[in-house]
Structures are given as C-alpha cells and as structure tokens.
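Hi,

Here is the structure I promised to pass on. Have a look first, then read my notes below.

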Amino acid sequence: MAIPARFRAFRIHRDDAGHRAGIEELSLDDLAPGEIVVRAAWSSVNYKDALAGTGKGRILRRFPLVGGIDVAGHVLASGDSRFREGDAVLCTGCGLSETRDGGYAEIVRLEADWAIPLPAGLDLREAMVLGTAGFTAALGLLRMEENRQKPGLGPLVVTGATGGVGMLAVDIYTRAGYEVHAVSGKADRAAFLRQLGAREVLGREALAMSRPLESARFGGGLDNVGGPMLASLLAQTVPYGNVASCGLAGSSELSTTVMPFIIRGVSLLGVASAGTARDIREQIWDRLAGPWKPAHLDRICTREVTLDELPGIFATMLAGESFGRTVVRL
Ligand code: NDP
C-alpha cells in the first residue's frame, strides 16, 4: 500500500486561543520525524489520553501533536534495517502524544528504536487491548520477579482492581501462577474480578489499617492508588515481599515508616512505563504474548470506537463512568 497523501488524525492544539482538539486531515510532513511509517490499525484509550485530549491535564510538552499514547499497525515504509514493509509493529508510551505525534491517526510515524515487532501470539487488536495499561501491569510483575517474588511468598494484591491497569494485572498475575487478591471500591464488580481470576475480592477497608507494621498477610502487590492504601499494603507485606507502585488514583502522597523495610526487608519498586528500556520492553511483550497473556481480553475490552467518538469517551472516562478497556479502530 502506498502512503496516502492525506489522512485523518485526532490532533491537539494549545495556543493563544486555548485548548482545542479534533479530527484534521494531515500529510506525512505534518508528523514528527521517524524512520518508520505505519498504517495504524488500532489504538487504545488510557486515562492519560483523556487528560491530553480534553486539555484537563498537562500531558503534551509541545503543540500541536496528534493524540494517543498507544498504537499498533503495519509498516508501510522503513528507513531502518530492522523493519520491512508489511511488518506488524506496536508502540506504547515512548513520547507518543507527549513529545511526538501519537497513535490517533490513520498514518503514524515512529522512531525505529521505540517500535516493537508484534510478537507471535498476539494480534494487533489484542496488543491494543493491553496497550500501556497491560504493559504497565506486566512491568510491575517483572520488577517484582527480578527481586525474587515467587507465588510461594503469598498472594499478590492489586489495588484499583477495576481500573484498566488493575483488571489486566488481576488476569496477568493469575496467569503467571500467583494467587491474586483484588482490592476494589466497587462491590458490584466483585463477580467480574473473580471471573478474571481473583481468588479474593477485598474492599478498600482491607488497606485502611495504619500501624507501621500489621500482621503480614500478602506476598506483595501492585498499587494503582498511592496514599494511605499503599502505606497499609507495605505494612501488611511478608518478609522480602515486593510492592510495585504504579499509580496515584487516590493520592500522589506517601506517608509511611521505615519499619516494613528494615524489619521485614520489604521492597518498594517503582513502575514507570514511559521510559522503559527497549530490551525490557521486548521481554515484556514476549511474555504478554505467551505465558502471561491474559485469558479474558474479550471481557476486559468493553468498547470499540472510531476517531470521531474519542471526545465522548474522554468525557465518560474523566467522569469516572467508564469500565473496561476501550480500543480505537483506525
Ligand atoms: P483507572 O482510572 O482506569 O483506574 C483507577 C482505579 O483506581 C479505579 O478504577 C478505582 O478502582 C481506583 N480508585 C479511583 N479513585 C480511587 C480513590 N480515591 N481511592 C482508592 N481507589 C481509587 O486508571 P488506570 O487503571 O488506567 O491507571 C491506574 C493508575 O496508574 C493511574 O493513577 C494512572 O495514572 C497510573 N498509570 C501509571 C503508569 C506508569 O507507568 N506508572 C502507566 C499507566 C497508568 P476500584 O473502584 O476498583 O477501587
């Protein structure tokens, strides 16, 4: 397929007139430079996309840019020997919709260093149901396992379990052989979380205890929430267990004591999906396509939208009314 002269993209501006975003017809020259031109097939909607697309959060560091932090599609042209026309590729984070044009476009230009060949075992749509959310959940587990996390240490907690990262973490960690305890404020979603693999579904009050050390009952976990819940998870983690911190859905603050660290050897690990090195990215996508591939991607993906429908989805997401992952058909 030849590169079309004009194509549709969801582009975000901020200038003297303020924030505006919507569908525009662009040409390749409008896009940030990169060695690979991709016919995009699918993207996804993350909370960060909603913040960027509505201007409610300062995500973009230059303007204008095409939105969308995730994308998957086929290579149309490549100036890099690692990729050829027709190759299926994906990219999550890596500056998309932050410092360079992102995935909400029919044609996307990527830097070869950040494009990942689609691993066998995933199709392009599945890769975007996972997207940054699935990548982040898997990165949390990789970090824990690199620090000697094992199923035998005890159950892994996932906080914010009905969020995009949380529900994928519940499925991925179960697939990886862990007993998962999902912590959620939505009691009516308990059956759904059990279907994904959660052995137990706990209310947020399970992480409300605030002494420096509580009885140790969790092997560790992934925290999407921050604040007192993260502090409580640290205080309830077994000796040499790991807690991976990836989100701030409740609070960006953390007030804790050193007791879990110096008495139990608990580790607090950071998870930053955007700046992950390429070798780690490849390792994670290989696992997501193989032993860690979620068993319930169909259930987790609740919506398929077009570029035109993005503003409505952003509004729903920012109002806290969305549930499940949304993919964008390009
Ligand atoms: P969602 O908004 O989809 O989910 C967040 C979940 O957190 C909610 O579904 C809810 O789950 C829970 N929650 C929301 N508000 C509160 C609160 N006040 N107190 C306790 N729990 C709350 O977000 P995502 O899953 O997309 O992302 C999760 C977090 O991870 C976000 O903070 C996001 O910014 C961050 N993130 C970080 C990345 C990284 O690289 N570090 C990458 C991607 C996301 P429930 O009702 O089930 O409790």
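Let's start with the sheet: 6 strands form an open sheet in the order S11-S10-S9-S12-S13-S14, with parallel pairing. S11 (200–202) and S14 (267–270) are at the edges with a single partner strand each, so one side of each has no neighbour in the sheet. From one strand to the next, the twist averages 20 degrees.

Some background: this is a predicted model, where local features need pLDDT of at least 70, side-chain atom pairs count only at pLDDT 80 or more, and totals for chains, interfaces and linings use all residues. Residues are numbered from 1 along each chain as its sequence is written.

On terms, helices (H or I, at least four residues) and strands (E, at least two) are DSSP runs numbered from the N terminus. Strands pair if DSSP finds at least two bridges between them. Angles run from 0 to 180 degrees between N-to-C directions, with axes fitted to C-alpha atoms (for helices, over the stretch in contact).

Inside the sheet, S9 (residues 156–158) and S12 (residues 218–223) run parallel, joined by 3 bridges. Valine 158 has leucine 222 in S12 as its bridge partner. H2 packs on the sheet and touches S12, S13 (237–245) and S14; contact means C-beta atoms, placed from the backbone, within 7 Å.

H2 (residues 124–146) also meets H7 (residues 278–289): their axes come within 10 Å and cross at roughly 100 degrees. The two are therefore roughly perpendicular (65 to 115 degrees; under 35 is roughly parallel, over 145 roughly antiparallel, the rest oblique). Leu130 and Phe135 are among the H2 residues that meet Ile284, Arg287 and Leu288 in H7.

Cheers

Key. Two residues are in contact if their C-beta atoms, placed from the backbone, lie within 7 Å.
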